Amino acid sequence: MINLLAKIDPISLPDMQSVKLMNRMDIKFVTTMPMLMRLLEMVRSDYYAQEINGERNMLYDTTYFDTPDFSMYSDHLHGHVNRQKMRFRTYVNSQLQFMEVKTKNNRGRTKKKRIAVSDMNLADEAKRAFLQKNLKFDVDTLVPHMHNYFHRVTLVNKGRTERVTIDTDLSFHNLLTGGTRHFDDLVIIELKRDGHVSSPVLGMLRQLRIHPHGFSKYCMGAAMTNQALPMNNFKQKLRDVDKILGGM
């Protein structure tokens, strides 16, 4: 993959600031590493690849928090609108850490709010004030549930109206059960754009027969590592993932 990424024109982190897309439409796709190799060959003329300190495949370190009764997980499981996730995310290559709240509304738009932090201590007044403003759950009920690592490539179209994130080497560790899962060959692609702007990569994905498929890292990771959680509405997604990987 490194050789293919090297053939794509780079874009720096400062140049990415105009493509933040904190209020956006998201579409996810699930595929495999061989299919990703074909896609990277196709995007070369239409996309930039984000580069930081000479790196294009960045390591992300994320810890998800939830309530003791898994309210955020449950909201997603049952398809509730205006559902939320709360996490700490560390961008390892750039040594930046943020506390983030993601809200998906009843129009399918995802809004992300975040602040820079240096630790995950929720007793800190600045963090508490941020969560009280942006999260519908009581700060004092939040506990860490799921930890995951993955590598991410970020592409930006030449018109700078969308981002495409490509996540590989996904690893999940459940902080409550100790359960773990690791995927060498699974690839999660997410198209992020402000509304229905033209997207070159959509046609490429269709050509490769890579279809939209929801995959929440928190919820899928939790379902795969905690057998006590209800997962009826996620079973088909988990079967789909097994089928995609089994077709390699």
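1. Helices (H or I, at least four residues) and strands (E, at least two) are DSSP runs, numbered from the N terminus. The model is predicted: local features need pLDDT of at least 70, side-chain atom pairs count only at pLDDT 80 or more, and totals for chains, interfaces and linings use all residues. Residues are numbered from 1 along each chain as its sequence is written, and side-chain values use heavy atoms, with hydrogens and water left out.

2. The second largest pocket holds about 380 Å³ of space. Its lining has 20 residues, of which Lys28, His76, Arg83, Lys85 and Lys104 are the closest to the centre. A pocket here is an open set of points on a 1 Å grid over the protein atoms alone, where a 1.4 Å probe fits, with protein on both sides within 12 Å along at least five of seven lines; lining residues have an atom within 4 Å of a point. The volume is the space filled by probe spheres set on the points, which are joined across faces, edges and corners.

3. At least two lining residues of this pocket come from each of strand 2 (23–32), helix 3 (71–77), strand 5 (83–91), strand 6 (96–104) and helix 6 (217–225). By class, the lining has eight charged residues (Asp, Glu, Lys and Arg), six nonpolar (Ala, Val, Leu, Ile, Met, Phe, Trp, Tyr, Cys and Pro) and six polar (the others, Gly among them).

4. Asn53 is not a glycine, yet its phi is positive, about 50°. Asn53 sits in the loop between strand 3 (47–51) and strand 4 (58–66). Its relative accessibility is 70%, so Asn53 counts as exposed (over 50% relative accessible area; buried is under 20%, partly exposed in between; 1.4 Å probe, protein chains only).

5. Arg160, also not a glycine, has a positive phi of about 55°. The loop between strand 8 (143–157) and strand 9 (162–174) contains Arg160. With a relative accessible area of 33%, Arg160 is partly exposed.
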